[in-house]
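User: I would like to learn how to read a protein model feature by feature. Could you take me through one, giving the general idea before the case at hand?

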Amino acid sequence: MLPIHHMIDGAPQPVAPFSHAVEADGWVFVTGQMPTLPDDPDAPLPDGIEAQTKRVMDNLILVLNGVGLDLENATFIRVYLTEFQRDYAAMNETYRSYFRPAKLPGRTCIGVTALAVGALVEIDLVARRP
């Protein structure tokens, strides 16, 4: 079966050529989301890592909801930070608030030199249909 490519109405405008999510055999791969506003991609990014993490997580939820899923379906998440030492703890506090304590997906967090649109954080994920 060929993969299904999803573009979600109301989700942020992609900053590059990609689908919001691609689905194959019940697995849903959600493209990394930026801290951009869904209805105004040219608006300034939120200030600080907490606000940017919140916006990114909310954008991921928009994409997941668009394919009939939510964060409880997330199996693995990757976080990319441009200021790893400075922002890691604060990002974790905001990130953690989106999950029930005993229901955290697997995760990798990576420090990078730069992200699209000058973002401090980008997050992608893999989800699974029940």
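User: Where does Asn-73 lie?

Analyst: Some ground rules come first. This is a predicted model, in which local features need pLDDT of at least 70 and side-chain atom pairs count only at pLDDT 80 or more, while totals for chains, interfaces and linings use all residues. Residues are numbered from 1 along each chain as its sequence is written, and side-chain values use heavy atoms, with hydrogens and water left out. Helices (H or I, at least four residues) and strands (E, at least two) are DSSP runs, numbered from the N terminus. Asn-73 lies in the loop between H1 and E4.

User: Is Asn-73 buried or exposed, and which residues does Asn-73 touch beyond those up to four places away in sequence?

Analyst: Buried means under 20% relative accessible area, exposed over 50%, and partly exposed in between, with a 1.4 Å probe and protein chains only. Asn-73 has a relative accessible area of 16%, so this residue counts as buried. Contact means heavy atoms within 4.5 Å, and, with residues up to four places away in sequence set aside, Asn-73 touches Val-126, Ala-127, Arg-128 and Pro-130.

User: In what pattern do the helices and strands follow one another along the sequence?

Analyst: The protein has two helices and six strands, and their pattern along the sequence is β-β-β-α-β-α-β-β.

User: Which residues of the largest nonpolar core touch the most other members?

Analyst: A nonpolar core is a set of buried Ala, Val, Leu, Ile, Met, Phe, Trp, Tyr and Cys residues joined through side-chain atoms within 4.5 Å. Here the largest one holds 27 residues, of which Val-30, Ile-77, Val-79, Ile-123 and Leu-125 touch the most other members. At least two residues of this core come from each of strand E3 (27-33), helix H1 (48-66), strand E4 (74-81), helix H2 (84-96) and strand E6 (121-128), and H1 gives the largest share, six residues.

User: What surrounds Ile-123?

Analyst: Ile-123 lies in strand E6 and, at 0% relative accessibility, counts as buried. Not counting residues up to four places away in sequence, Ile-123 touches Thr-31, Gly-32, Gln-33, Val-56, Met-57, Leu-60, Ile-77, Arg-78 and Val-79. Val-79, for its part, is in contact with residues including Met-91, Cys-109, Ile-110 and Ile-123, when neighbours within four places in sequence are left aside.

User: What share of the contacts joins residues at least 24 apart?

Analyst: Among contacts between residues at least 6 apart in sequence, 70% join residues at least 24 apart.
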